[in-house]
Amino acid sequence: MTTLNATSLLTGALAGVTAALLSLGANTQSSFAIVLYAASALPILIAGLGWGNAATVVSVVVASLIGAVIVSPWFALLIAVITLIPAAWISHLANLARPASELGGPEGALAWYPLSDILTHLAILVTIGMIIIGVIIGYDTTMSDTMIDVVLQALKAQEPLYNPDAASIAQLKSLFSLGLPLAQGAIWVLMLFAAYYIATRIVQTSGKNLRPREDMPSTLRMHRLSIFAFLGGLLLAFAGGLPSIVGALVCGTFGAGFLLAGFAVFHFRTRGKAWRLPVLWLGYMSVLIFTIPAFFFLLSGLMDTRRAIALSPTGKTPETETKDL
């Protein structure tokens, strides 16, 4: 769905300027950098979800040009592959629809691009983007090793008696070399999907949404083929060297997708229960505080990979029905 007119072009330009300013703010404010970088996806998503592909393309081009002129072409490439392009692509996918009759659905209804496929595409895009940036900057295990050395020096300065042996340090560096790309990939997928969720709510509230509102607890899943990508990343993580870094990254990006699906299953299965709200809070807080319970939500997402398609009557409506494939 593409709308090419003065309004969409102006909206895209304003969205691009806003995204660029947020990215520039992230480039100067290191303490909130990751939040500002993720927030720069929000105007791109709003423009795409509300005004279509033309606005999205303009916003990406404008934001990239501003980044290239004010900072550098490398900075423009960074924000493009990590934030702008993923946001533009998932907004494009979210606006795709076809007659439901083509999929065996009812006449006079539209079938929207499955949310499970959108989430899977997001995991793929984040993986590819981080690999591209890693190749450009020459990322390898020496970067994570340097970070560990800095942390150990700080600990020794505070506690002179702290003196781990060489074997312990080597093991710590090995674990961190895998944990860093895994965490970076997972956090980025979670934050970009959060931006997508917020953007959908904003455009729905304004009445500009092209995609009708759908029931995420019943439709937010990962594509079943994503299981093979996750398992492949897990095997690569034990290969050693650069393949292990890529494997950890894949585990992080796709694992985050399955984690989101697990939370959606959690919401779906507790629906209508009197104790739902306190249990939801308990579940989220346990993940934030202890981290380990996230494994159970991840497992829940891995076990439920059904592909639900949102259906709506021809023409925009506030809600959709779903059909499982």
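Visitor: How many of the residues in the chain are buried?

Guide: Buried residues account for 46% of the 325 residues in the chain. A residue is called buried under 20% relative accessible area, exposed over 50%, and partly exposed in between, with a 1.4 Å probe and protein chains only. Please keep in mind that this is a predicted model, where local features need pLDDT of at least 70 and side-chain atom pairs count only at pLDDT 80 or more, while totals for chains, interfaces and linings use all residues. Residues are numbered from 1 along each chain as its sequence is written, and side-chain values use heavy atoms, with hydrogens and water left out.

Visitor: What does the secondary structure of the chain come to?

Guide: Helices (H or I, at least four residues) and strands (E, at least two) are DSSP runs, numbered from the N terminus. Here the chain has 13 helices and four strands.

Visitor: Which radius of gyration does the chain have, and what would a compact globule have?

Guide: The radius of gyration is taken over C-alpha atoms, and the globule rule is 2.2 Å times the number of residues to the power 0.38. For 325 residues a compact globule would come out near 20 Å, and the chain's 21 Å agrees with that. Along the principal axes, the C-alpha atoms fill a box of roughly 70 × 50 × 35 Å.

Visitor: And the surface: what is the accessible surface of the chain?

Guide: Accessible areas come from the Shrake-Rupley method with a 1.4 Å probe; for residues, only the protein chains shown count as cover. The chain's total is about 16,000 Å², with 72% of this belonging to carbon and sulfur atoms.

Visitor: How should I read contacts?

Guide: A contact means heavy atoms within 4.5 Å. Among the contacts of this chain with a separation of 6 or more, 75% are between residues 24 or more positions apart.

Visitor: Let us look at one helix. Which residues of helix 13 are buried?

Guide: Helix 13 spans residues 294-303, and its buried residues are Ala294, Phe297, Leu298, Ser300 and Gly301. Looking down the helix axis, these buried residues fall within an arc of 160°, so they line one face of helix 13. The arc is that of the directions from the helix axis to the C-beta atoms. An α-helix has 3.6 residues a turn, so residues three or four places apart point the same way.

Visitor: What do the buried residues of helix 13 pack against, and which exposed residues are on the face turned away?

Guide: They pack against helix 10 (226-236), helix 11 (241-269) and helix 12 (276-290). Phe296 and Met303 are the exposed residues on the face turned away from the buried side.

Visitor: Where is Thr291 found?

Guide: Thr291 is in the loop between helix 12 and helix 13. Its phi is near 70°, a positive value in a residue other than glycine. Thr291 counts as exposed, at 52% relative accessibility.

Visitor: Which residues does Thr120 touch?

Guide: Thr120 lies in helix 6 (residues 115-137) and is buried, with 10% relative accessibility. Apart from residues up to four places away in sequence, Thr120 touches Met222, His223, Ser226 and Phe254.

Visitor: And Thr56: buried or exposed?

Guide: Thr56 is buried, at 4% relative accessibility, and its place is in helix 4 (residues 53-70). Setting aside neighbours within four places in sequence, Thr56 is in contact with Ile44, Ala47, Gly48, Ala88 and Ser91.

Visitor: What is the relative accessible area of Ala94?

Guide: Ala94, in helix 5 (residues 73-94), is buried with a relative accessible area of 0%. Leaving out neighbours within four places in sequence, Ala94 is in contact with Leu49, Trp112, Ile118, Tyr196 and Arg211.
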